[in-house]
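Please look at the sequence and the three-dimensional view before reading on.

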Amino acid sequence: MKLFLWGALAMASTVAGLYFWRFWKESRDRLFVFFSAAFCVLALNWLGLAVTDEPETRHWVYALRLVAFVLIIVGIVDKNRRGRAG
Amino acid sequence: MAEAVYMLCAVASVTCAVMLLRGWATSKARLLFWGSLCFIGLALNNLLLFIDLVMVPSMDLVIIRSAVALVAMTTLLYGLVWDSK
């Protein structure tokens with residue numbers, strides 16, 4: 001069951017990443033690049049959980065999740081700074 | 001090291017949820033609304049991850065937390081498909 005859920009999550013994240021990529025192509029708003037990259041990294045996170053089985057090193061897969069959230073935070077901060085400047 | 005990663009994931013995801021909620025409260029953009037709901041769910045997923053792997057390692061919450069994340073992502077996909085222009 002967990003493999004199914006992780007696979008579904010990987011696919012959902014990939015689709016979300018593609019949507020944000022499309023939004024970037026249409027608007028050229030940098031925020032969407034950050035969101036697209038973040039969701040692609042989240043997809044890799046769930047893919048990594050599904051294919052790895054070593055409990056001792058599993059936290060490195062979760063580090064990918066942290067990278068994704070940091071990308072989102074950086075994107076939002078960047079957008080807010082651009083909004084204040086321009 | 002692992003505990004630090006799980007805690008940072010929880011903190012970062014809660015931060016994302018709060019920032020998106022504030023953005024939605026300011027702009028009322030529909031995409032931000034769906035994104036906020038998604039990241040609230042992902043924040044809950046990461047809080048459950050920390051509880052599962054650090055606080056109560058004897059219990060296995062992987063199905064529950066993965067289901068919460070899947071509901072969160074489905075919510076975002078719904079918003080992307082139906083409410084993004």
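The sections below treat the overall build, the salt bridges, the surface and the loops in turn.

## Overall build

The model is predicted, and the values in this report are computed from it. Chain A contains three helices and zero strands. Along the sequence, its elements follow the pattern α-α-α. The C-alpha atoms of chain A occupy a box of roughly 50 × 25 × 15 Å along the principal axes. Of the 86 residues in chain A, 48% are buried.

In chain B, helix α1 (residues 2–27) packs against helix α2 (residues 30–55). What angle do α1(B) and α2(B) make with each other? The angle is about 160°, and the two axes lie 8 Å apart. Angles over 145 degrees count as roughly antiparallel, and α1(B) and α2(B) are therefore described as roughly antiparallel to each other. The crossing of α1(B) and α2(B) is left-handed.

Ala25(B) belongs to helix α1 of chain B. With a relative accessible area of 46%, Ala25(B) is partly exposed. Ala25(B) and Thr74(B) are 49 residues apart along the chain, and their C-alpha atoms are separated by 22 Å.

## Salt bridges

Side chains of opposite charge can pair when their charged atoms come close. How many salt bridges are counted over all chains? The count comes to six.

| Glu26(A) | Arg22(A) | 3.2 Å |

Glu26(A) and Arg22(A) are both in helix α1 (residues 2–27) of chain A, where they stand four residues apart, about one turn of the helix. Glu26(A) is exposed, with a relative accessible area of 56%. Arg22(A), at a relative accessible area of 40%, is partly exposed.

Is Asp29(A) buried or exposed? A residue counts as buried under 20% relative accessible area, and Asp29(A), at 14%, is therefore buried. Lys79(A) is partly exposed, with a relative accessible area of 32%.

Asp78(A) counts as buried at 18% relative accessibility. Arg30(A) is partly exposed, with a relative accessible area of 41%. Through salt bridges that share partners, Asp29(A), Arg30(A), Asp78(A), Lys79(A) and Arg82(A) are joined into one network.

## A nonpolar patch on the surface

Which residues form the nonpolar patch on the surface? The patch consists of Leu44(A), Leu47(A), Val51(A) and Leu64(A), which together have about 350 Å² of accessible area. Helix α2 (residues 30–51) of chain A supplies the largest share of the patch, three residues. Leu47(A) is found in this helix, α2 of chain A. At 46% relative accessibility, Leu47(A) counts as partly exposed.

## Positive phi values in the loops

Most residues other than glycine have a negative phi. Where does Arg28(A) lie? Arg28(A) lies in the loop between α1 and α2 of chain A. Phi of Arg28(A) is near 60°, a positive value in a residue other than glycine. Arg28(A) counts as exposed, at 52% relative accessibility.

In chain B, Lys28(B) is placed in the loop between α1 and α2. Phi of Lys28(B) is positive, near 60°, and Lys28(B) is a residue other than glycine. At 52% relative accessibility, Lys28(B) counts as exposed.

Technical notes:
Residues numbered from 1 in each chain as written. Chains lettered and ligands numbered in written order. Predicted model: local features only at pLDDT ≥ 70, side-chain atom pairs only at ≥ 80, totals over all residues. Heavy atoms only, no water. Patch = residues over 30% accessible without salt bridge, like charges linked within 9 Å, V, L, I, M, F, W, Y side chains within 5 Å. Areas by Shrake-Rupley, 256 points an atom, 1.4 Å probe, with all protein chains shown as cover. Salt bridge = Lys/Arg side-chain N within 4 Å of Asp/Glu carboxyl O. Helix = DSSP H or I, 4+ residues; strand = E, 2+ residues; numbered from the N terminus. Buried < 20%, exposed > 50% of the residue type's maximum accessible area, 1.4 Å probe, protein only. Axes fitted to C-alpha atoms, helices over the stretch in contact; angles between N-to-C directions. Parallel < 35°, antiparallel > 145°, perpendicular 65-115°, else oblique. Left-handed = near helix turned anticlockwise from the far one by under 90°.
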